[in-house]
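I opened this notebook to keep track of what I looked up in one structure. My entries follow the order in which I went through it.

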Amino acid sequence: MKRKKISFSRILMYIVLIFYAIITIYPFLWAVSASFKPLAEIVGGELQLLPENFTTENYEYIFGRSSLFSKWFLNSVFVSSIGTIINVFLNTMAGYALARLSFPGKYAIYYLFLALIMVPGQVLLIPNYLILRNLGLMDSYSALILPAAINLGNIFMMRQFFVSFPKDVEEAAAIDGFGRFQTFFRIVMPVARPSISTQAVFVFMGFWNEFMKPMLYLTSPDKYTLTLGLQTFQGQTGGVRWDYSMAASVITTLPIIIIYIIFNKYFLQRVQGDVEK
């Protein structure tokens, strides 16, 4: 059997990647460990991962004594899930239209989108606030979902995917009697799963981690998302309680990890396809 020679540069690359992985994942592991530690052990300054005095009191306090925490969590799940579903459909359809359909003003819309990408999101906060207030959508989940119903960056990502999508597949579908919508939903979208999954991960993360918009648009505590609720939670505990904060941070991170695990296969397919191109 012939053994493959491993070059020095490859070994060095693996060493660098392993070292980077360790320094990246260690703080997260410490946060998970700290969520099971009492406050005195956390502020003691020790960086050991295994708790000396293991306790679940931090989680019991969050879900037991903090009655709104579960509500904030479910609010974030609802807003992030609905927002992601709407984004995936609208971004994918818009990207497909820009890549495949011919209609008046197509290129004008394309260049307009290019120009809008360069506009910082912070510039639109006040106009969006005034529009939502005049529409009577303040203090509602619609104020968080509707203004973010599309993402221009993801529209262009989907457009680039559909530009390279083989036309023969669509022509074969047309011969079989498929209309434009049937072709899109039954053939195009299943083939585009890697790109769709990639945008779904990033869109969900964007909704889940959003803080500024909930702070501007929501006023009822029972409608707060988790990011805004955590700030309120810290105020209720009389300052920063690191034991409770660590437990809350771990709970906040879990949905992102679950979403990534679910879409990991398609995400890697997308990355591999980009590398091969």
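This is a predicted model: local features need pLDDT of at least 70, side-chain atom pairs count only at pLDDT 80 or more; totals for chains, interfaces and linings use all residues.

**Entry 1: the largest pocket**

I sorted the lining of the largest pocket by class and got 19 nonpolar, 11 polar and 2 charged residues. For this sorting, Ala, Val, Leu, Ile, Met, Phe, Trp, Tyr, Cys and Pro count as nonpolar, Asp, Glu, Lys and Arg as charged, and the others, Gly among them, as polar. Residues are numbered from 1 along each chain as its sequence is written, and side-chain values use heavy atoms, with hydrogens and water left out.

How much space lies in the largest pocket? I read about 920 Å³. Of its 32 lining residues, Pro147, Ala148, Ile150, Asn151 and Lys213 are the closest to the centre. Two or more lining residues come from each of α4 (69-100), α5 (106-117), α6 (125-134), α8 (152-163), α11 (193-209) and α12 (212-217). The element that gives the most is α11, with 5 residues.

I wrote down how a pocket is found. The search runs on a 1 Å grid over the protein atoms alone, and a pocket is an open set of points with protein on both sides within 12 Å along at least five of seven lines. A lining residue has an atom within 4 Å of a point. The volume is the space filled by probe spheres set on the points, which are joined across faces, edges and corners.

**Entry 2: the chain as a whole**

I counted 14 helices and 0 strands. Helices (H or I, at least four residues) and strands (E, at least two) are DSSP runs, numbered from the N terminus. Of the 277 residues in the chain, 37% are buried. Buried means under 20% relative accessible area, exposed means over 50%, and partly exposed is in between (1.4 Å probe, protein chains only).

**Entry 3: salt bridges**

How many salt bridges does the structure hold? I found 2. A salt bridge here is a side-chain nitrogen of Lys or Arg within 4 Å of a carboxyl oxygen of Asp or Glu.

One joins the side chains of Arg100 and Glu170 at 2.5 Å, N to O. Arg100 lies in helix α4 and Glu170 in helix α9 (residues 167-175), so this pair ties together parts that are 70 residues apart in sequence. Both Arg100 and Glu170 are buried.

Arg180 and Glu170 also meet in a salt bridge, at 3.7 Å, N to O. Arg180 sits in helix α10 (residues 180-191) and Glu170 in helix α9, 10 residues apart. Is Arg180 buried or partly exposed? Arg180 is partly exposed, because its relative accessible area is 46%. Glu170 counts as buried because its relative accessibility is 10%. Shared partners join Arg100, Glu170 and Arg180 into one network.

**Entry 4: the nonpolar patch**

A nonpolar patch of about 1,000 Å² is made by Ile25, Phe28, Leu29, Leu49, Leu50, Leu254, Ile257, Ile258, Tyr260, Ile261 and Ile262. Patch residues have over 30% relative accessible area and no salt bridge; nonpolar side chains (Val, Leu, Ile, Met, Phe, Trp, Tyr) are joined within 5 Å, like charges within 9 Å. Areas come from the Shrake-Rupley method with a 1.4 Å probe.

At least two patch residues come from each of α1 (8-34) and α14 (242-276). The largest share, 6 residues, is from α14. Ile258 lies in α14 and counts as partly exposed because its relative accessibility is 49%.

**Entry 5: single residues**

Phe113 lies in helix α5. Phe113 counts as buried because its relative accessibility is 17%. Between Phe113 and Phe156 I read 43 residues in sequence and 8.8 Å in space, C-alpha to C-alpha.

Asn87 is in helix α4. With 1% relative accessibility, Asn87 counts as buried. The C-alpha atoms of Asn87 and Ile155 are separated by 9.4 Å, with the two residues 68 apart along the chain.

I also looked up Asp139, in the loop between α6 and α7 (142-145). Asp139 has a positive phi of about 60° although it is not a glycine. Its relative accessible area is 16%, so Asp139 is buried.

Conventions:
On a 1 Å grid over the protein atoms alone, a cavity is a set of points where a 1.4 Å probe fits but cannot get out, and a pocket is an open set with protein on both sides within 12 Å along at least five of seven lines; lining residues have an atom within 4 Å of a point.
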